[in-house]
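Let's take a walk through a protein together. Have the sequence and the 3D view open, and look things up as we go.

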Amino acid sequence: MLSLDQLDNTVARLLAGDRVALAQGMTLIESVHPAHQALATLLLDRIMPHTGMAKRLGITGVPGAGKSTFLEALGGYVLTLGLKVAVIAIDPSSPLSGGSILGDKTRMSLLSRAQRAFIRPVPTGGYLGGTSRRTRELMLLCEAAGYDLVIVETVGVGQSEVDIARLVDCFLSLQLAGAGDELQGIKKGIMEMADIIVINKDDGDNRARVMLTAQMYRASLTIMRRKYPAWAPPVLTCSALEARGITDIWRAVDDFYQRMAVDGGLTALRKRQQLDAMRKQIEENTLAALFARDDIQDRYRRALEQVENHSVSPRAGVEDVTRYIVEKINH
Ligand code: GDP
């Protein structure tokens, strides 16, 4: 693990695009050790002036939607443009032991072998809140290391999807045709979050169904309130397997940035995200500091027990714990 006297050297190497330094920085950020956390803060302070230049793209889809195949196709295409691509792959199902590393290497074999690509799996261990913060910081490290496109990928399940949408500039939802999937997508509020909708597997016998599904999405979008006045989310189709439709998708990402650049939309979005992340972090830290106190934990547990055995109402329990905390703070 990095030490303080190695920090200067690591920062210099990271800014020069050294992948080993980037990986070391990431490991530092992911460490829960308090000394490492302090060092991670220093590292982030140092690299901060060198961030903000990349495109931040979020990609989600249900398992089997073709995310890794799509990432290979899109990432591969972007590499041919001479750009550098980083993928942060969040896997809510993988344990903190990091067992998914090999899995991701085989999932995206082309990208993992490419010189100008970098893949980082992020095991979540079930703590989604902390994952957002870490993912944001990993994304910043990639930017400082000169990656032009940073993709954050996750499976499309509930909260993780919402969290990702708040981290990235452009949120791409990868969908499948037919089997009621489109209705499910609409119900889940995907339509309100997505900046680009892509129906994958537009090949073979599936093409007619893909076309129908795309039409359905387009129709539903016309009656939906826009996320940004300047951007109408397009519905595109592709075959990730045959690498078809990929250039149009990249063009849509470019268009998104051009439109959002007008009137400072992107700057405003990023500022809002930064402040939201900070607010959330302060809240989390405050809560953790309070609950680190045994007396507060005891009071909290007691209130839960009392409510469970019906000796006090939930409302009285909340008031009791809150009053206790406020009294302690005021002393
Ligand atoms: P993920 O779980 O979302 O990462 O999905 P994968 O990329 O692993 O793909 C799941 C399965 O769908 C694999 O068998 C892929 O070969 C297949 N697949 C992915 N993209 C396409 C596509 O565009 N067309 C077809 N026919 N199959 C695809």
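We'll start with the ligand and then turn to some helices.

First, some ground rules. This is a predicted model, where local features need pLDDT of at least 70 and side-chain atom pairs count only at pLDDT 80 or more, while totals for chains, interfaces and linings use all residues. Residues are numbered from 1 along each chain as its sequence is written, and side-chain values use heavy atoms, with hydrogens and water left out.

Helices here are DSSP runs (H or I, at least four residues), numbered from the N terminus.

An oxygen atom of the ligand sits 3.0 Å from a polar backbone atom of Leu-241. With side-chain N or O atoms, a ligand oxygen is 3.2 Å from Asn-200 and a ligand oxygen is 3.4 Å from Ser-239. On its own the ligand exposes 570 Å², and the protein buries 69% of that (Shrake-Rupley method, 1.4 Å probe).

Next, find helix H15, residues 314-330. Which of its residues are buried? Gly-317, Asp-320, Val-321, Tyr-324 and Ile-325 are, where buried means under 20% relative accessible area and exposed over 50%, using a 1.4 Å probe and protein chains only. Seen down the axis of H15, the buried residues fall within an arc of 120 degrees, so they line one face of the helix (the arc is that of the directions from the helix axis to the C-beta atoms). The face turned away from that buried side carries the exposed residues Arg-315, Val-318, Ile-329 and Asn-330.

Helix H1, residues 7-15, has buried residues too: Leu-7, Thr-10, Val-11 and Leu-14. Their arc, seen down the axis of H1, is within 100 degrees, so they line one face of the helix. Just after H1, Gly-17 takes a positive phi of about 90 degrees.

Note on methods. Polar contact = N/O pair within 3.5 Å; in protein donor to acceptor, adjacent residues only side chain to side chain. Helix = DSSP H or I, 4+ residues; strand = E, 2+ residues; numbered from the N terminus.
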